[in-house]
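Here are some friendly notes to read alongside the structure. They go from the sheet to the cores, then to one helix and the salt bridges.

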Amino acid sequence: MPSDTNRKEKCLYRDPEQPVDLRVKDLLSRMTLKEKIRETGFIWGQNLLKDKKHSLALIEKNLGNMGIGGIMDPWVPALRTAKMTNAVQKYLIKKTRLGIPALIMSECLHGHLSD
């Protein structure tokens, strides 16, 4: 699934000791146009759920190996949201080509919205 190229070589963007501007420049130089566009998008959390629980099969189907900018409104109880968030982040970091985690959000005035 993920390209071993970015996993085996020492990637500047993965090195927290490097200046942010160099890390960003390195990451952007490695990204395809499709990956850059994909990082600007969000997917509804509902698309990753089956019977109100996260589904690894749906995560893989919907996120593929390119990642996503964020996950929006999972609409499940807080514990399930935490489990889904952990599963999504683990998938994105370990199974996508560049290993970029996603933003997780719900729209509400303060804090995190969950039922």
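1. Three parallel-paired strands make up an open sheet, ordered β1-β4-β5; strands pair here if DSSP finds at least two bridges between them. β1 (42-44) and β5 (103-105) are the edge strands, each pairing on one side only. From one strand to the next, the twist averages 20°, taken between N-to-C directions of lines fitted to C-alpha atoms, on a scale from 0 to 180 degrees. Strand β4 (residues 70-72) runs parallel to β5 and is joined to β5 by three bridges, and Met-72 has Met-105 of β5 as its bridge partner.

2. Before going on, please note that this is a predicted model: local features need pLDDT of at least 70, side-chain atom pairs count only at pLDDT 80 or more, and totals for chains, interfaces and linings use all residues. Numbering starts from 1 along each chain as its sequence is written, and side-chain values use heavy atoms, without hydrogens and water. Helices (H or I, at least four residues) and strands (E, at least two) are DSSP runs numbered from the N terminus.

3. The largest nonpolar core holds 14 residues, and Leu-48, Ile-59 and Ile-71 are among those with the most contacts inside it. Such a core is a set of buried Ala, Val, Leu, Ile, Met, Phe, Trp, Tyr and Cys residues joined through side-chain atoms within 4.5 Å. Helices α4 (56-63) and α5 (78-95) each supply at least two of its residues, with α5 giving the most, five. Another core, of six residues, lies apart from this one and includes Cys-11, Tyr-13, Leu-27 and Ile-100.

4. Helix α2 (residues 20-30) has Asp-26, Leu-27 and Arg-30 as its buried residues. They lie on the same side of α2, because they cover an arc of only 95° around the axis, judged by directions from the helix axis to the C-beta atoms. Asp-21, Lys-25 and Ser-29, on the other side, are exposed. Buried means under 20% relative accessible area, exposed over 50%, and partly exposed in between (1.4 Å probe, protein chains only).

5. How many salt bridges are there? The count is two, a salt bridge being a side-chain nitrogen of Lys or Arg within 4 Å of a carboxyl oxygen of Asp or Glu. One joins Arg-30 to Asp-26, with the closest N and O atoms 3.0 Å apart; these residues are four apart in α2, about one helical turn.

6. Arg-97 forms a salt bridge with Glu-35, with 2.6 Å between the closest N and O atoms. Arg-97 is in the loop between α5 and β5 and Glu-35 in helix α3 (residues 33-39), so the pair ties together parts 62 residues apart in sequence. Glu-35 is buried at 3% relative accessibility, and Arg-97 counts as buried at 19%.
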